[in-house]
Structures are given as C-alpha cells and as structure tokens.
Amino acid sequence: MKKVFKHIFAATVLAATLATGCSKSDLVDLKPEFSLEALENPSSIDQVEEVLTAAYSRFRSGSYYGDGNGSGFSLMPDMMSDNLLETNESLANYKSLTDWIYAEDDALVRGIWAAPYAVITNANIVLRDIDKFTTTDNQRRANRIKGQALAIRAHAHFDLFRFFATSYDRNSTTILAVPYMTEFLVSPSVKPARLNNKDFYDRVIADLTAAVGLLGNVDATINPSTIKRPNIDLAGAKAIQARVYLYAGMYTEAITAASDVITARPLAPAASFAGMYNEQNAGEIIWNAQFDAGQGGPGGGVYFSQNNRSAYAPAAEIATMDGTTGLIRNDDVRYTAYFATIAVANGPRLVMRKYRGKAGLTDGNANFPVFRTGEMYLIRAEARARTSPAQETAAMNDLNVLRAARITNYTNENLTGAALLTAIANERRRELFGEGHRFFDLKRTTRTIVRAGGCGNPSISPAVCTLASNAREWALPIPFDERSVNDNIQQNPGY
Amino acid sequence: MRKLLLGLIAVLLFAGQVLAQKTIRGTVRDDKGNPLPNASVVVRGTSVGATTGTDGSYSLAVPASATALLFSSVGFEPTSVDIGTKTEVNASLRAAATDLENVIVTGYTTTQKKKFSGATVSVTAEDVRKQPFGSFDQALQGKASGVSVVANSGQPGANAVVRVRGNGSISGGNVPLYIMDGIEISAADFASMNQGDFDRIEILKDAVGTAMYGSRGANGVIVITTRRGRAGQLNLNYDMQLGYSQLPDDRLIVMNSAQKIDYELRRGNPYGWSAAEADSLRNVNFNWRDALFQTGVTQQHQLSASGGTANSRFYASLSYLDQEGIVQQTGLKRYTARVNVDNTIKNWRFGVSMQVGYSKIRGTDEATAYIGSPLNAIRWSNPYERAIDPNTGDYQQLGGVGVLTSGQPNAAMELFVNQRQTLQFKGVGSAYLEFHFPFLKGLYARTNWGGDFAQNEGSVYYDRTTYTGAQAAGGNGSLARSANRQFRYTGTTSLNYKQTFGDHEIDGGIFMEAVKTDFRAMGFTGYGLTNGFTNETGITAGNATNGYIPQVSGSGTQNGLQSYFALLNYGFKSKYYLTLVGRRDGSSRLGVDNRFQNFGSVGATWVVSDEGFLENAGKLDDLRLRASYGTTGNYISAAGDYGHLPQFGRISYNGANGWSLTQPGNLNYRWEVNRTINLGVDFAFFKRRLSGTIEAYDRRTNNLYFNQPVSQTTGFATIPGNSGTLSNKGIELSLRGDIIRTADFRWTVEGNITYNRNRVVSVPDDSIINGTTILAVGKPINTFYLVPYAGVNAANGNALYLTQAGTLTQTYSTADLRTFGTSDAPWFGGLSTTVMYKGFDLSAQVNFFLNRDVFNNDMINLANPSYLFDNMSIELLNEWQKPGDVTNIPRPTSAGGNAFQSNTTRFLEDGSFWRLRNVTLGYTVPTNVLTKLKIRSARIFVQGQNWWTKTNFRSFDPESSSPVLVGAQYPALVQTTVGVSLGF
C-alpha cells in the first residue's frame, strides 16, 4: 500500500507541474508584439504626431496618388481626359475608367471612393486626441499637428467631391456632394448621407480656415528640406484654399489665398524646374506627397519606366516627338521635364517621363507634386479674369509671368475676354499636365471632352470620341457596396 | 543527421539480447489452417520473443520461469497459450477484421469501432503511402466520404485543399485540424513529412469525434498515427519508386503562328508587319509550352526498420524523395528520418515519436494574372516569337530588356535565369508517459507533450537581365530572402478509467490541455546585383543615387489555448453505447469577455444486429444505428490572432515612422460555433462480403465570422464580427463488396459518394457581391453572379445579354446580374476496385466532382480583344466580321456600346470532372521463391496517377478549389512510377 501512495504522489506531482506550467497569462492573455493596440493609444503627443504621419502615408494608396489601382488623384484625371491616350502597350487595367464605361460595381471606382476616407480616418484620430495632450508648453507644437490634420481632412474630402459630385456649384442646396466625416468611428451604425454642395463647401472652408489659423503659429519649420516639401505648411493650407475657392467661384478669396502662396513660394527658375520631379530641388513645390525607396510612385499606370511600357501616351495636341507642334514644345522647360522620346521594338515614341525616378534613376520611384506655385498663378489669373474685365490686365500679367518662367524667349501676349480664358485653360493644360487636373478642369468649365487622338486602345477603338456635357460619367457612381451598407447615401443620377 | 543515425543504430542494436534456458518449438496457423509467417511469439511478461518463418514455425529459447506464450500478427487477434510442461506449443490465430475496421483512434482515445457513435472514416494507410505525392493530403482524394480533397497545384509538395463536410465558414478558415501522435500539427508544410511512416489516418467528421477538440474541431479532424514497432524479430524494409510525370492534356487552345498573324492582319496589323515579314513569321510556330514544360523524373526511397521486445519496441525510418516538376526548374527534394520508441516498465509506459524532415522546394509563380509569371507567358506569348533567338543563341529580347516584341516578358528568361526556392525544415516530436495505477485496474494517468516546429527559408532572385529584374529598385535585379519559423507545443494530461462491471462498461477520462503557437518571420530584399553573384555577395549597398536601398521586414504572432475537458463512454450489454464529451476552451484570439466557451456532444449507438429479434436474420451480420449531436468551434477566425483588438500598424512616410490604424477590432469577438447532428447506419451482409455506411448530417454554423461590410466613409471596408448562419446538409454513402473471395482470386469493389448542400441561412447584409460571386441568403457560398451571355447580334456583331425579363439586349447592365451555380461541387466521391489473383493485384480508383462551375479568367485573358498584341484563343478566329455572320464571338471593336465585358456567363464553364486517380498493377513474390532468396517479402508494382481525366473545362486541369481560375495554372501531374518493396 505504501508503494501505491508513492505512485499516486508521483503522478499527482507530475500532473500538477505539467498543468500549471502553462498558466492563463501564458496562453490566453496574449498581446500583439508587432503592432500598437489602439485602445489606450495614442498615449502621447509624439504618438499623435505619428498618426498624422500615417495620414500622409495613406496618400500613397494606389487609388490616390500612388499607382497600381488607377492613381485616382494623380494621373487618372489626365487619363480620363484628352491629355493621355491609351496605347497598344496597355494591359487594359484602367479601361473601365479611361473609356468611361464604369458602372457602380467598378473596382477602380471603389478604390477611389475608399482611399481618401482612409486618409481622413487617421486625420480624425489626430483631431480626436490632440487636445488631450496639449499643454501651454506644447501649444505651438499642437497647432502644427492639428493644423495639418485639418488641412488633410479638408483636402481629401475635396478630392472626393471633385470626382463624385455632379457639379461644383458653391451654393446649391440640391446638388449632392459627399459625406463629410469629422469623427473617428468604425461601426455598421455609421451611415452618413451626402451633404449638399453648400453645406459641404462650408465644412471644407471651415476646416481650412482653422488650419490656416493654427499653421500660422507653430513651433518649427514644417518643411525644412531644400529638395522636397512632404508636409502641409501654412503655404500648403492656403494653396488648398486657393483651389477650393476657385472651384467654388469665390474669386476674391481665391486671389488672396493664391497671392499669399505666391509670395511665400516664388516660381522656380527655369534651371531648377525639372529638378522638382526627380527630387533634386524643392523649387516651387508647395506640397509633394512622398514616395520613399521601395514605395513606388505615381506614374506606373501611364509610363512604367522599369520596363519601358507606355500604356497611356501624351496626346498629339499636347506634345509630339519633334517638339515643334502641340501645346508644349521644345522651347519650353516643361517639355524635357515632362516628356522623353524612348524607343521600343516598333521604333521611338513620346512618353510621359515626369515620374521616372529620383535623381538619374528610372525605377518609377518619384514624389507627386500636389501643389506648385504654377497652379497658384493660374488660379489667380482665372479668378481675376472671371471677376471683372477690370482685372483682365492683372490676369494676363499672371499668365505672362508664368509663361516667361517656362518658355525660352517668351514674348508677352495681351488677351482679353474669352480668348484670355481659353489661354488660361490651355496654360493649365500645359502647366498641370500629368498632375491630376484636366478631367476636373473640363468638368468645371466646358463639360465636354473631345479626344481627337482616339479613344481607348487605338487598334480597336474609335478614332475620335467624346464625352457629352450631359453624360452621367462626369460624376463617378457611388460604389455598389457603399450603397448596400449605407441606405442614407444617394446614387448619382443615371446610375 | 549523423547523430540521428547513431541514435538509430543504437536503437536497432538494443532490440534482441535474450537469455535462455529452455527451447520451445511450434507452428502458428491462421483460422483456416494455413501457416502464418512473420507472426510474433513472445514469452508473456518478458521481452523474450521470436518470429515465425515462412512455414509458420518458430523455435524459441524461453526462461525457466516462462508460463505462457503470446502470439500475435498483423491483422489477427492476439492469443495467449499456456506453456505448462510442453516443448511444442502450436497456436491458431483468428483473423481480425482488419485493424481499421476494429478501432477508432480519435487522438485522445482509442475505442472499438462498434462502441463509437461518431461519423469517422479510416483511410487505408497503404493507399496513401504508395502514391508518390509530395504532400500526403493529395492522396486522400476520393478515399473518404464527406471529405473533399482538391489539388490546387501540381507543384511538387503543394498542399491540397481539404474540406470535411463542406465549407462551414464564410470569412473564417475551413481547414481541418491535423493531429499527429496526439499533438496538433500545422495544416501546411506537408512537403517535409513522409507519408511512408503513416500507420493510420482517421477523419473525424461529426461532433462525437470533433467536440473532443472543442474550439478547434469545427472543420473536422484528421488524426494521423505513425507506425510503431512490434515485438518480435527485427524487420527491415526497403521501398523504392522510380517514375516520371507529364503534362496533362491542354484544353485551352491558342492560335498557331499563321492563325495569329492572319488575325492580326485582319485586326489592322498593329505591329505593322510587311507582307514579307508576315510570311516569314507564319512559319515560326514556336511552342512555348514545350519550351517550359518537361517530363519530370521522380524517385523515392525509404528504409525502415521495426522490432523490439514486449517491453521495448521501436520503429525507425529514413526516406528520400526527389520529384521533378513538369515545369522545368521546379521540383521537390525531401529527406526525412523518424524514430518511434515505446517502452513498458512495470506500471509505467513511456514512448517517443520524432520525425525530422528537410526539403528543398523549387517553385514558380502560380495562380496569378501577372505577365511576369512564366506560366502565363506560355499562354500569352505569340507563337511567332521564340525563347531563344536562333541567330544569336541568346534569349530573344526584341522588345527591350527581357521582353519580346509584344512587350511580354520572355518566359524562358523568367523561368531559367531567375531563381526561386524554399528550404524547409520540419520537426515533429512528442513523448508520452503513462502510469497504470496498480490498486485499481483500469485507472491510469497519462501525459503527452509534443512540439511541431517548422522553419522556412525562401529566396527569390531576379536577374537584372530579365523583365522582373529590371523592375527592381535601381533596375539591376534583386535578391529577396525570407525566413520564418513556427513552433507549437501541445500538452495533454489526463486521468483515465476503463472498466467493465457485469453488463456495464465504462471508459472515460478528464483532460487538461495547453496549446501555444509562436510564429516569427523576417526578410530582406537587396538590390543592385551587378557582379554576377546571385547571393548576398551580389547586393550593392544602397544610396539615393543608385536607388539600391534594401527593404527589411519582420513580423510575428502568438496564440494560445487553455482547455479542460472530459470524455465518457458508457456501454450496456454490449448493445447500447453512449458517448459524452464536454470541453471548456479559453483562447487568446477572442474578445476579452468571450475568451472561455463550452463545447460538447452526446452520441449513442445501438447494435441492432446483436438484439435477440435479429439473431436469425440470416444474411445480416452487422447492423448498427448511430446518432449524435454536438457543438464545436472554429479556431481559424477571420480576424487572425489579435483581430479583436483595434491596432495601429507601423507605416513610414518621408523617412519617419507613423502609426496607421490597420485593424478596427471588435472587443466582442466570439467563436464561430458549429452545431452538428449526425445519423449513421453501419451494415454488413453475406458474411461481411457486402458492407457499408450511410451517414446523414446537418451541420449548422452559427455566429459566423463575418467581416461585416461597413460604410467606407469610416476608412474601412469591413469590421470583424459574428453574425449569420450557414448550413451544410448532406448524405454520405460508402459501400464495399467482396464480389469474389476465394483463396487465389479476390475481386473487391468499393465506392463512396457524398452530396453536400451548402446554403447561406442568414447574413447581416444579404447579397454581397464579391467579384464574380455573390453571398446571398438561400444560395451556396461561392455562387456565381453574372450577366447571362446570349451570343452575338448577327446584324452588327454586338454581344448580346439577357435581361432579367428574359429579353435580349446589347447593353451590358449590372441590373441583369443573376445567380448561377457554385464552384464547390455538391456531388463528389470515388470508386475503386481491386482484383487479386495469386500474387498479382490490380487496382484502380476513379474520383469525381460533379455539378460545379468555374469562372475561367485564363480564358478571358485570351479572349479580350484588347490583348490582340499577345496570343489569343483560337475561339477568336470565329469572330463576327460582317453583317450576317452567325457566331458566338462578338466583333472586337468596342464602339457603339460593344465594350468587352468579362463578368458574363461566356466565361463560366462546367468544372465537373471524372479522373482516373490511380491505377496499380502489382506482383507479390510467393513465399517459396522468397525463402530461396532469403528475403521475407517482395513486391513490385507499377502505378499511374491521373492517367485519364474527363472534363469540359478549358484549361490544363479542372481540379481547383477557387471559384476563379485566375491564370498561371500549374496543372496536376500525370505520373507513372514503378516500385519495389522488399522486406528482410
């Protein structure tokens, strides 16, 4: 019997040791080691600033400024317009957008809808938490963080608006803009409705006004680098204002904002113009979205430089290989910055080279210039020209100054009226080629696209095609899956 | 390796030292009176033993104290005979209906099949062992009712997709739990495991078996037991196979050179060929398929030994597999070693199982629509272009670095110049210690601990001369290395009791279990491989000027499970059995308040044939009715290990680190719970010559892991959640008939068929469209949702579609989307037959998957008129060209509302197939010949895998689990091997 007890004792000790060797804390209460849990964090102003960094990083999405999913706000507006035309080298990945055949189940449209809201979510976390960590000592730092978050929020919403609203009318209470998200909450109960244009503009303008106020009183230079301007500083927030005011038809405000930016960031001299696109100098960049090594770039969907694949080529009315016809010619500093003639098996052809790479590289790793001073001149010129005939001289002067900075031996022109507006529109097409404006500019002004150089893939598509002013395609459809979970959101007409 | 060999030798030597005082002779026969060779004879209570010779005789020196001899042999019921004063002891062993038919191994318990109320299938291990698959799960296809096994890839070593009773989860995992010798092993890295070591494979399908595994049991459990040593003379076996693999028939036909050139000319000559160029190109007819595929050689060797004494037994093996893929450069090389040892010392039992495997897997890019994948390039490359330029002898790159004229990468460069391989090490080891309490017969304590360790080292080298290498940062190639390791331990400690009291039988236990998994990964990609080296020496240090800035990554995760459970089997009068299972699991993967949950099952068996009223039922030998009900959880959640927590992920912008919200989290995350009802009937007639099982089940998944779609204005598309119900109901039938059963001639036919009906019962948001499929209430998951394609308008060549109202339209509209079939075959099964005549045996197995559809994206890429610049399907030769043309292929131009549309039924194809999975012809050398050769056993055989397939699906292979054939398909191998098995 003694032996029996010995065995029982041995077995019990063994079992107990083995069972308690693994306690609940070892097995069940585990915490992630490679991510930061978001229940208690951000827990310092440093972390709040790191969330702001993340908001910026989300601009790199393949649906936003990056490539791979349509480059919604960097190159798609050019690809959907008469600036860039699909070639035989295309893999047809962006056909649904660039041929205007999108329906509400289009995957690219879904990406364009989602990407800005992913930016906004991170900005909203910053705005939710920044005040918690603000003290009298770090007030100016907090201003710097909060001002950028507000500007980012306004900018991303405005980008959505440019694609999804049917018109940019400032005061309409019937035209629908997009939901304006100001709170961080991820839940099935979030079912925002589309604001009308008027309310939407009010929100955008309010955020920007607040941002400008905060960014005017900060603790440190936001963009100290001489080769890039990765963040939105005071000039950046004002540049966003200038663009918004132009779309809104608030010309006085547009002129003021643009003038402030022009003062802060003069035009780049011709010699340093090309350097803005390959990170050699910051030039007149106001804000450029950064793509670090290994993070790609904006241009691959148009010209994939790594493999010399030019899926979308500059239209002949923009530029040609010999540089003597088209809007941008070889006496223009923009010609060599934007285009290059590179050969394939079939012979040489003109490609968009803007985003080939940094320094001398051609790996497609380039930054995207969201705002440059050139645009500010054009905003001010257009705002002046549209304000009153009295301001046409000033408008023409803006245009002449800009052209003189770009074109060798430029002689000033003197235009008025419709001719002046056309000249400004053409100059926008030149200056902002490949920078995400043309489709929106046409939508804002003539509401007609005529692709003289053909539509879609040249071997299977019509030689000339148009998008009429009444076409539903001017506004993207609200994606099907948004509508299926959010019954408050209204579809655009025609879809 | 050397140490391991020494260990193996030591174990081998350990078996067999005995002292003797008295010699006993005798003969062992089976119940028909035939001599039984290789039977084991052991002196009871000692390790003294011998093995019978080919004539069934033995001679054994026994200690004077010996009282009885224990006779045993595989496939026979052991028996004990008292020695007394005899010097000749003969024995007659009664044939056990095989081991498989006798018991069920659940991983925690071993129960007589008669008493077990659960639905299980045992797969004959020999059938799995003999098939030369790099991943053993592929060999399970068609072997078990209710278990769908689909190969997604013919890449040697690639895992199959195994589903037990349908897909029970929408957003979570559907992979069964794999248990080997009592511990959980990953449902991966089977490439480094040797199925030659498998003794039993049991698949637990209903809650009686799976509820024992609680939160891990929902998707079924596959229990593998490896071979153990048996007391007796040392057995040494050598198994070898040698053969080759080939490409299956290709049913997706592309144009030849003349067809393609003529087609291009008709479409406006986009490359601008001159008449002379066109004429010359028409005759090229380069076959890209032949350039990339090959006949692969397979060889496999296994050396195994087993033996020991009654108190100490071992099994050990070494194996080597070298399987070349049918795509050049691909293949699997595998080395494994295993030692299993079992010891009995007084009331203690102790054993160890250890396997180590090392493999080298060379693969290629699969299941993509990427132009850089060589397997796509064979479809898309124009037949008038060549891999090698005949003039220069170098790779043809007429379109620039690494690319053809068309801009397609030269697939031969992608395959031959670039390199891609994985080195995998896997070790699975477990040990048990069992103590049988001497004061109470039937009471014992047991603890079983083991680890499953896997380490992968992957490397991908892109040469700078190739298309993909030119894309690397800095444009000069890249070298990516990745390493990951996963370690999981499983520890189970239990107190068990098994006893019979008159009419009552009790068998049960209480258990504690701990399972913890730890995973780590890291990797880097270096650039600028300019000095000719393809390893790290080739990498150039990066700066902003050269762009070679390397990428570094790493990640890791853990999960744990803490459990308590109890099992009880109760039998009454050997006719009525009840099984109860209760388990409480705590998991790290769930929201804090929901971490612990209970699971359980109840099952009952009635052995009807043992009832008095059936005693004279004549032809009926066996009839059992079974019923069970229970719950299990699905541990493969949709949210991953920490998905219940909202989390920020690290992200960089402008050289600074940031925190981006990557997971929205859900603090109420719970288990997805399966509730299974099972009814089963087992029967045997005509002296067991006809036997079978019918099972009917109702598997219902509640609290579905459901990545609930949310408004994208939140910054997220979905959040993890639990809601909705999914149902799988089905019937399984297995039948086996011994049509002819004589001493020299046997003919057996076996078959199983399963019907599984999958239905979404409820989801929070009905009709969620996901690409080409829809998740809709009342429909199976993976139901296709497409616009019906209705041919071509002969007047203008426009594609026609069917509206909801059933009228024809030329306008494609998402309003006309409709539901079609599903890619998960509701009907599947296998039929096999074996004929044995004297030493010859011939067997064949045909598997089928019926009533399934697959969306052929591979076809789309050959039919989209935009891809004119690359090769296309011959179907396009029938394109509409002029008014009046009656055809099914619309005109290629998109003007006038004829844009090419892919989400239509034009590309939905019947994915059903019948496949001759295996044919084996073997010859077992008779005993009299063997005696002369002084070997114990010998068998030679020749077998074929996938020799014949019947399908209408247009691709290499209809076998895929995905609803969509994306592209770059690595088809299942058509294999032929010759094998030899020798026993010494």
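This is a predicted model: local features need pLDDT of at least 70, side-chain atom pairs count only at pLDDT 80 or more; totals for chains, interfaces and linings use all residues.
Start with α7(A), residues 139-164, and α9(A), residues 234-248, which pack with their axes 10 Å apart and at an angle of about 25 degrees. Angles under 35 degrees count as roughly parallel, so α7(A) is roughly parallel to α9(A). As for handedness, the two helices cross in the left-handed sense.

Who does the touching? On the α7(A) side you'll find Gly147(A), Ala151(A), Ala154(A), His155(A) and Phe158(A), and they meet Gly236(A), Ala237(A), Ile240(A) and Val244(A) of α9(A). Sorted by class, that contact has six nonpolar residues, three polar ones and no charged ones.

**Where chain A meets chain B**

Now for the other chain: 89 residues of chain A are in contact with 90 residues of chain B. On the chain A side, the elements that each supply at least two residues include those below.

| Element of chain A | Residues |
|---|---|
| α1(A) | 2-20 |
| α2(A) | 24-27 |
| β1(A) | 36-37 |
| α3(A) | 45-57 |
| α6(A) | 107-129 |
| α17(A) | 480-485 |

Which element gives the largest share of this side? That would be α6(A), with eight residues.

Within β30(B), Phe648(B) stands opposite Leu36(A).

How values were computed:
Residues are numbered from 1 along each chain as its sequence is written. Chains are lettered from A and ligands numbered from 1 in the order in which they are written. Axes are lines fitted to C-alpha atoms, for helices over the stretch in contact, and angles run from 0 to 180 degrees between N-to-C directions. Helices (H or I, at least four residues) and strands (E, at least two) are DSSP runs, numbered from the N terminus. Angles under 35 degrees count as roughly parallel, over 145 as roughly antiparallel, 65 to 115 as roughly perpendicular and the rest as oblique. A crossing is left-handed if the near helix is turned anticlockwise from the far one by less than a right angle, and right-handed if clockwise. Two residues are in contact if their C-beta atoms, placed from the backbone, lie within 7 Å. Ala, Val, Leu, Ile, Met, Phe, Trp, Tyr, Cys and Pro count as nonpolar, Asp, Glu, Lys and Arg as charged, and the others, Gly among them, as polar. Two strands pair if DSSP finds at least two bridges between them.
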